[in-house]
Amino acid sequence: MNTVNTKINKAGDQNNHELQTVLGDYMSTLGNIPEPIRAMADYAPEALLGYSRTRRYIMKSPAQGGALDVRTKELIYVLLDVVEGNLDGAKNHANAAVREGLTLAQLTEGCMQVMAVCGIETWGQTGWKLCDYVAELERKQRSGDNGTKA
């Protein structure tokens, strides 16, 4: 159950506006509010505000003064999640990276770099599952299936 709105109201008026802005940032970049972020908004809103200030800095596009394009930033997040074995996080960032133009071939190459440095377990535990997931995303894009039912 998503309780963000009820808990945010308890955080005070100034933080309420800032939290709404932060949650909007997640919706615009990831297309959803990941459950760990939702829970942080519910239980530790001040911590979420601090974390999100750093994230906002990191996710600046070149047009906003960032050095790396957003696709590259999302790919880095994907690969770090693969290293950590965080499949849900990797999928969230993969969705965003694919929207920014990341291909399955690029993801696979990145996963092979991770495997070469961090070991076969990164592929065996997370990498192959993520590549299967992105292959399915690409298949749906090619067929025009956006995953919603009419």
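## Packing of helices α5 and α7

In this predicted model, helix α5 (residues 70-84) packs against helix α7 (residues 104-118) at an angle of about 45°, and their axes are 10 Å apart. The two helices are therefore oblique to each other. Their crossing is right-handed.

| Helix | Residues in the contact |
|---|---|
| α5 | Arg71, Leu75, Val78, Leu79, Val82 and Val83 |
| α7 | Gln106, Leu107, Gly110, Cys111, Val114 and Cys118 |

By class, the contact of α5 with α7 consists of nine nonpolar, two polar and one charged residues.

### Nonpolar cores

The largest nonpolar core has 15 residues. Within this core, the residues with the most contacts are Val78, Val82, Leu107, Cys111 and Leu130. Two or more residues of the core come from each of the elements α5, α6 (87-99), α7 and α8 (120-143).

What does Leu107 touch, leaving aside its neighbours within four places in sequence? Leu107 is in contact with Leu75, Val78, Leu102, Leu130, Cys131 and Val134, once those neighbours are left aside.

A second, separate core has 10 residues, among them Leu19, Leu23, Tyr26 and Ala96.

### Asn92

Asn92 lies in helix α6. Is Asn92 buried or exposed? Its relative accessible area is 15%, which is under the 20% limit, so Asn92 is buried. Leaving aside neighbours within four places in sequence, Asn92 is in contact with Leu30, Asn32 and Pro34.

Definitions and conventions: Residues numbered from 1 in each chain as written. Predicted model: local features only at pLDDT ≥ 70, side-chain atom pairs only at ≥ 80, totals over all residues. Heavy atoms only, no water. Axes fitted to C-alpha atoms, helices over the stretch in contact; angles between N-to-C directions. Helix = DSSP H or I, 4+ residues; strand = E, 2+ residues; numbered from the N terminus. Parallel < 35°, antiparallel > 145°, perpendicular 65-115°, else oblique. Left-handed = near helix turned anticlockwise from the far one by under 90°. Contact = heavy atoms within 4.5 Å. Nonpolar A, V, L, I, M, F, W, Y, C, P; charged D, E, K, R; others polar. Core = buried A, V, L, I, M, F, W, Y, C linked by side-chain atoms within 4.5 Å. Buried < 20%, exposed > 50% of the residue type's maximum accessible area, 1.4 Å probe, protein only.
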